[in-house]
Amino acid sequence: MDLLKPSYASGYAKNASQSAHPNLWDGLVGAWMPSLGVTGETLRDVSGNGNHGTLQYDTSWKTNNSETSLYFDGVQDHVSGFGDVSLSSTEPFSIVSKVRLNSFLDPFPNICQIKTNTSYAFVVAATLDSNYKGIFFGSTNSWVRLRTGTNFATNITQSFVILYNGNGAGTASNFSMYLDGKQINLSSAGGFTVLTQNNYLGTANAGSRGIDDWHGNINAFSIYNRALSPSEIKQLYVDSLAPFRTKKRTVVRVPAAIPAATVVGSIKKPKTIIKPSYQAGYARNASESENPKLWDGLVSWVPSLGSSGSTVRCIQDKSRGIKNNGITFSGSSEQSLSNGAFLSFDGSDDYMRIYDSSLKNFGYTNPDECLAIRFRRRSLTGTTALFGYLSAQFLGAYGRGFYFDGTTMHCMSKTNNNNPAITSTVDDNQWHVAIANFGANGSFYLDGKLIGTGSLNSSWSYWLQLASAAAHVTPPANSANAAVDVSVAYQWDRLLTAGEIKKISIDSLAPFRKKQRLSVAVPAAVAPSATYHPLRSLAHPLEQ
């Protein structure tokens with residue numbers, strides 16, 4: 001195990017490839033880890049799915065024995081919307097938690113409630129049912145309460161895992177429960193009813209909080225869409241942060257290279273190895289760039305250069321004299337939606353607003369323009385906006401940019417339906433680069449391939465946005481939000497050439513690659529020769 005505890009500050013594995021335990025990322029659909037550190041009013045989902053929660057009432061952060069947890073006082077404290085995770089009553093799932101119960105303030109102090117589908121709501125709680133301490137869970141549709149044969153203790157931190165086998169029934173035979181790494185017995189009890197089907201930590205009742213609220217701490221909470229194995233359960237009991245421990249580096253000692261013979265006048269051009277980033281450095285203008293032409297007319301937002309909180313830096317040629325930083329939101333609150341090298345939008349109410357009015361056209365003219373975006377779809381359903389100046393109310397009828405209708409991707413530029421969209425199919429969860437020239441004769445490229453051309457020359461009068469569509473500065477909730485990851489977003493106030501489009505499609509960070517240095521190898525100075533010369537031997541000694 002690493003000596004340094006994973007944290008938001010010191011770093012943690014953000015995916016399976018970085019993890020020392022990649023198997024624990026298999027099927028991980030949500031992970032909320034207060035023990036990684038304090039994150040203000042937001043409880044981050046560190047699974048990469050962007051299902052962040054919001055601390056409500058006076059839920060607070062506590063640090064005891066160097067470990068951070070969320071503290072709930074048992075009266076209205078809770079975390080709302082902690083995940084757009086919807087479990088199925090016909091598919092397996094696992095719920096993993098590390099908690100501390102301070103006291104039984106109410107009959108049923110609830111650890112969490114998780115929506116399953118339109119008929120079910122899954123609840124985990126500690127209960128004083130006829131003075132019987134235990135765990136139960138159930139739903140609104142004839143599921144029964146399940147009790148443990150082991151007391152759920154107070155004032156100590158315990159780890160538990162609940163497994164469901166996906167048989168669509170709430171009997172004890174369809175569930176397994178592990179407390180502190182050991183399986184315990186379950187027995188069926190009476191029926192159980194919950195009032196809501198939203199996701200909450202610390203409560204299960206959205207209508208009258210203060211009843212059945214959790215009194216204690218939650219250190220870790222995660223959800224898998226599969227059944228964990230006994231060895232994985234034991235591993236998570238021993239180390240609840242196991243998925244987030246980074247892979248150890250292997251140091252290989254290489255002997256010094258033997259210098260090769262240098263050819264006089266040879267020029268060596270080193271190959272770029274380091275990916276541009278805020279830390280490692282990137283070209284900040286055309287003069288520093290290996291591709292200076294791509295800075296002509298460019299404004300850009302590049303999450304793949306590194307995380308910068310809820311603000312996505314605009315990187316551009318300073319000669320333009322404008323600053324167009326993007327701000328990421330979840331609902332009406334600024335939220336950090338970064339997932340390392342990209343923005344992760346959950347498809348609900350996450351979006352990025354670009355405030356500068358220079359990127360809003362008020363005159364209903366048709367300026368030449370190019371939009372480009374590198375994206376990865378997280379959901380293939382719904383009619384959702386990706387990038388551009390689009391109207392939520394009239395998506396597909398007004399505006400300019402990219403949007404999805406199911407697995408069909410549209411590149412459109414319309415006013416009152418006068419220009420047909422150019423379409424392609426994106427039916428996977430892989431990274432793609434979409435580029436469109438909007439001129440008198442527009443063109444749409446996907447991954448460097450020309451999809452089609454058309455009259456993409458209509459005007460627009462909306463604000464430029466990522467993962468959302470709205471005519472106003474603040475879009476309404478769920479205004480055609482897309483569930484996507486985005487690593488770069490570009491806007492040029494000109495049309496790109498075919499060569500430039502190909503370059504961006506191959507290397508989306510091409511504008512920010514630094515100009516490569518040229519190193520010239522010069523041979524060492526030639527020493528004077530002391531060779532005997534027969535004619536000089538006959539000369540006067542002063543002339544030899």
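Trainee: What should I know about the model before we start?

Mentor: This is a predicted model, where local features need pLDDT of at least 70 and side-chain atom pairs count only at pLDDT 80 or more, while totals for chains, interfaces and linings use all residues. Residues are numbered from 1 along each chain as its sequence is written, and side-chain values use heavy atoms, with hydrogens and water left out.

Trainee: Okay, how many helices and strands does the protein have?

Mentor: The count is 2 helices and 36 strands. Both are DSSP runs numbered from the N terminus, with helices being H or I of at least four residues and strands being E of at least two.

Trainee: And what percentage of the residues are buried?

Mentor: Of the 544 residues, 50% are buried. Buried means under 20% relative accessible area, exposed is over 50%, and partly exposed is in between, using a 1.4 Å probe and protein chains only.

Trainee: What about contacts between residues at least 6 apart in sequence?

Mentor: Among those, 65% join residues at least 24 apart. A contact here means heavy atoms within 4.5 Å.

Trainee: Switching to strands: how do strand 4 and strand 5 run?

Mentor: Strand 4 (residues 60-64) and strand 5 (residues 67-73) run antiparallel, joined by 5 bridges. For two strands to pair, DSSP has to find at least two bridges between them. Thr 63 sits opposite Thr 68 in strand 5.

Trainee: Which residue in the turn between them has a positive phi?

Mentor: Asn 65, at about 55°, in a hairpin with 2 residues between the strands.

Trainee: Where else is there a positive phi?

Mentor: Asp 447 has one of about 55° although it is not a glycine. Asp 447 is in the loop between strand 32 (442-446) and strand 33 (449-454). Ala 480, also not a glycine, has a positive phi of about 60°, and its place is the loop between strand 34 (465-466) and strand 35 (484-492).

Trainee: Why bring those up?

Mentor: Because most residues other than glycine have a negative phi.

Trainee: Are they buried or partly exposed?

Mentor: Asp 447 is partly exposed because its relative accessible area is 40%. Ala 480 has 15%, so Ala 480 counts as buried.

Trainee: Now the holes. What volume does the largest pocket have?

Mentor: About 650 Å³. Of the 29 residues lining the largest pocket, the closest to its centre are Lys 14, Gly 306, Ser 307, Gly 340 and Ala 341.

Trainee: How do you tell a pocket from a cavity?

Mentor: On a 1 Å grid over the protein atoms alone, a cavity is a set of points where a 1.4 Å probe fits but cannot get out, a pocket is an open set with protein on both sides within 12 Å along at least five of seven lines, and lining residues have an atom within 4 Å of a point. Points are joined across faces, edges and corners, and the volume is the space filled by probe spheres set on the points.

Trainee: How does the lining of the largest pocket divide?

Mentor: Into 9 nonpolar, 16 polar and 4 charged residues. Ala, Val, Leu, Ile, Met, Phe, Trp, Tyr, Cys and Pro count as nonpolar, Asp, Glu, Lys and Arg as charged, and the others, Gly among them, as polar.

Trainee: And how many cavities of 30 Å³ or more are there?

Mentor: There are 2. The largest cavity holds about 150 Å³ of space, and its 22 lining residues include Val 96, Ser 97, Leu 236, Tyr 237 and Ser 240 as the closest to the centre.

Trainee: Which strand gives the most to the lining of the largest cavity?

Mentor: Strand 17, with 4 residues. By class, the lining has 15 nonpolar, 5 polar and 2 charged residues.

Trainee: What about the second largest cavity?

Mentor: Its volume is about 40 Å³. The lining has 3 nonpolar, 6 polar and no charged residues, and Gly 306 and Ser 307 are among them.

Trainee: Last one: is Ser 94 buried or exposed?

Mentor: Ser 94, in strand 7, is buried because its relative accessibility is 0%. Its C-alpha atom is separated by 6.5 Å from that of Asn 225, 131 residues apart along the chain.
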